[in-house]
Amino acid sequence: MKCVISHMAAYLWLVRHTNQRAGVAHPSRASLSDAGAPTAEQTNRLRWFLDLEDTPLDVLVTDPRHRRHSHILRSHLCSGDLPSGSLIPIASGIEQIDLYCVCPELCFIQLCRNRDEVESAFFGMALCSDYRLDAISPSGVVHREHNDSRLTDIESLRRYIRSASREHGAKAAASILSHICEGSRSPKESGIALFYGLPQRLGGMALGEVHMNPALKVFEGRDTYGNDRFATRYPDVMFTSKPARGTRRAVAFDYDSQAEHTETWKVLADSRRRNTLAAVENLVHYSIRMEDAQDYRYLVSLGDQARKILGRRPWPQIPGFPHHADARMKAGELEHRRFELWSRLLQGGGPDRPLITPPAQR
């Protein structure tokens with residue numbers, strides 16, 4: 001029997017494992033034909049084998065007669081043709097089952113079907129990130145490197161969405177792409193980028209164009225021969241602007257997780273890294289610790305400072321007279337929305353884990 005993991009179960013499996021497509025020359029040509037739902041016994045074995053015991057197993061089926069629902073299994077009907085490469089073969093641990101996982105691009109469309117823009121953007125950033133979740137790591141994440149690589153990128157998502165435009169959720173997924181940035185190295189980095197970068201209608205501070213871990217050339221002094229020495233530094237999140245009159249400005253935020261930076265030499269390295277960034281022209285650099293991320297007012301004050309540095313108009317931007325009753329009510333609604341966004345993205349959740357979790361885990 002063919003079993004295809006999809007939706008939230010696929011997302012959790014993808015972000016917890018190495019990229020199965022890394023180094024593969026040609027995508028799988030497997031189709032959905034004969035995809036069915038496993039039995040209760042097979043479902044329990046698959047959930048244990050795939051380390052998905054904390055969520056129901058989502059699977060795709062092609063025949064409505066094969067649909068099954070329980071507290072451990074959710075089946076989703078998919079009778080249309082999928083673009084080539086939509087399925088990734090993975091080990092199943094059960095001889096009778098040929099196991100597949102939907103590709104990250106299809107998974108993103110599925111997640112956008114019934115979730116709001118904030119959650120969809122967060123999940124999209126995770127699929128385009130340079131980290132994977134790892135329960136053994138003190139911070140809960142490890143960086144994708146060596147034989148591993150990011151699961152997908154924005155251009156791949158865009159191409160797939162165009163080819164699967166008839167899929168339910170494709171239209172919503174296309175609109176979310178403008179909120180996604182690739183290259184995040186932790187969930188908290190993604191939370192900071194979304195809190196400061198999303199438009200104010202979603203609760204964000206709308207600081208402008210965001211870059212995740214951009215490479216910056218920094219001056220480090222001179223060698224014994226008088227030659228300039230340079231190094232490359234990568235701030236976690238950077239916002240840029242170029243006013244109509246004036247030079248390009250940038251504000252960078254680094255998230256310092258104590259879970260990863262408790263050793264003395266790491267703390268020293270972080271301090272020296274911040275000092276070198278301080279020398280970059282037209283760049284203001286902020287460091288956010290775990291306690292800072294949990295302090296709403298402090299994060300807002302940093303955002304207000306960044307907005308002024310970038311030359312942007314004060315938040316919130318409300319047309320009409322600022323002291324009019326309707327304007328004050330609108331400002332209160334936007335403030336509530338901003339607080340709610342911070343609560344979902346940054347309040348609590350552990351050193352590098354956001355508060356946003358799958359519905360089954362809330």
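Which residue in β2 is the bridge partner of Val 4? I looked it up first: Leu 60 is the partner of Val 4.

**Ground rules**

I am working from a predicted model, where local features need pLDDT of at least 70, side-chain atom pairs count only at pLDDT 80 or more, and totals for chains, interfaces and linings use all residues. Residues are numbered from 1 along each chain as its sequence is written, and side-chain values use heavy atoms, with hydrogens and water left out.

I take helices (H or I, at least four residues) and strands (E, at least two) as DSSP runs, numbered from the N terminus. Two strands pair if DSSP finds at least two bridges between them.

**Entry 1: the sheet around β1**

I followed β1 (residues 2-5) into its sheet. Five strands make up this open sheet, in the order β3-β2-β1-β5-β4, with mixed pairing. β3 (73-77) and β4 (87-89) are the edge strands, and each pairs on one side only. Neighbouring strands are turned by 40 degrees against each other on average, direction ignored. For angles, axes are lines fitted to C-alpha atoms, for helices over the stretch in contact; angles run from 0 to 180 degrees between N-to-C directions.

β1 runs parallel to β5 (residues 98-102), and four bridges join them. Cys 3 stands opposite Leu 99 in β5. β1 runs antiparallel to β2 (residues 57-61), with two bridges.

I then checked the side chains of β1. In a regular strand the side chains alternate between the two faces of the sheet. Here Lys 2 and Val 4 point one way, Cys 3 and Ile 5 the other way, and all are buried. Buried means under 20% relative accessible area, exposed over 50%, partly exposed in between (1.4 Å probe, protein chains only).

Helix α2 (residues 40-49) lies across β1, β2, β3 and β5. It runs at about 120 degrees to β2.

**Entry 2: the sheet around β11**

I found another open sheet, of four strands, in the order β8-β11-β12-β13, also with mixed pairing. β8 (209-212) and β13 (283-289) stand at its edges with a single partner strand each, so one side of each is left without a neighbour in the sheet. The twist averages 20 degrees from one strand to the next.

β8 pairs with β11 (residues 237-241) in the antiparallel sense, over four bridges. His 211 stands opposite Met 238 in β11.

I looked for helices on this sheet. α7 (residues 187-197) lies across β8, β11, β12 (249-256) and β13, at about 25 degrees to β11. α10 (residues 296-309) touches β12 and β13, and its direction makes about 170 degrees with that of β13. Contact means heavy atoms within 4.5 Å.

**Entry 3: cores**

How many residues are in the largest nonpolar core? There are 94. Such a core is a set of buried Ala, Val, Leu, Ile, Met, Phe, Trp, Tyr and Cys residues joined through side-chain atoms within 4.5 Å. Tyr 11, Phe 108, Phe 195, Tyr 196, Phe 253 and Ile 288 touch the most other members. α1 gives the most to this core, with eight residues. I noted that ten of the ten residues of α1 (residues 7-16) are buried. Among them are Tyr 11, Trp 13 and Arg 16.

I listed the contacts of Phe 108, leaving aside neighbours within four places in sequence. They include Ser 120, Leu 127, Ile 161, Ala 173 and Ile 180. A second, separate core of nine residues includes Ala 231, Ala 250, Ala 252 and Leu 277.

**Entry 4: rings**

I counted eleven aromatic pairs. Rings of Phe, Tyr and Trp (its six-membered ring) pair if their centres lie within 6.5 Å; planes under 30 degrees apart count as stacked, over 60 as edge-to-face and the rest as tilted. Phe 122 and Phe 123 have ring centres 6.1 Å apart and planes at 70 degrees, so this pair is edge-to-face. Both residues are buried. Phe 195, Tyr 196, Phe 239, Phe 253 and Tyr 286 form one aromatic cluster.

**Entry 5: two single residues**

Is His 179 buried or exposed? His 179 counts as buried, at 13% relative accessibility. It sits in the loop between α6 (170-176) and α7. Beyond four places in sequence, its contacts include Glu 117, Met 125, Leu 194 and Arg 201.

Leu 345 lies in helix α11 (residues 325-345). Leu 345 is buried, with a relative accessible area of 0%. Its C-alpha atom is 9.2 Å from that of Glu 119, 226 residues apart along the chain.
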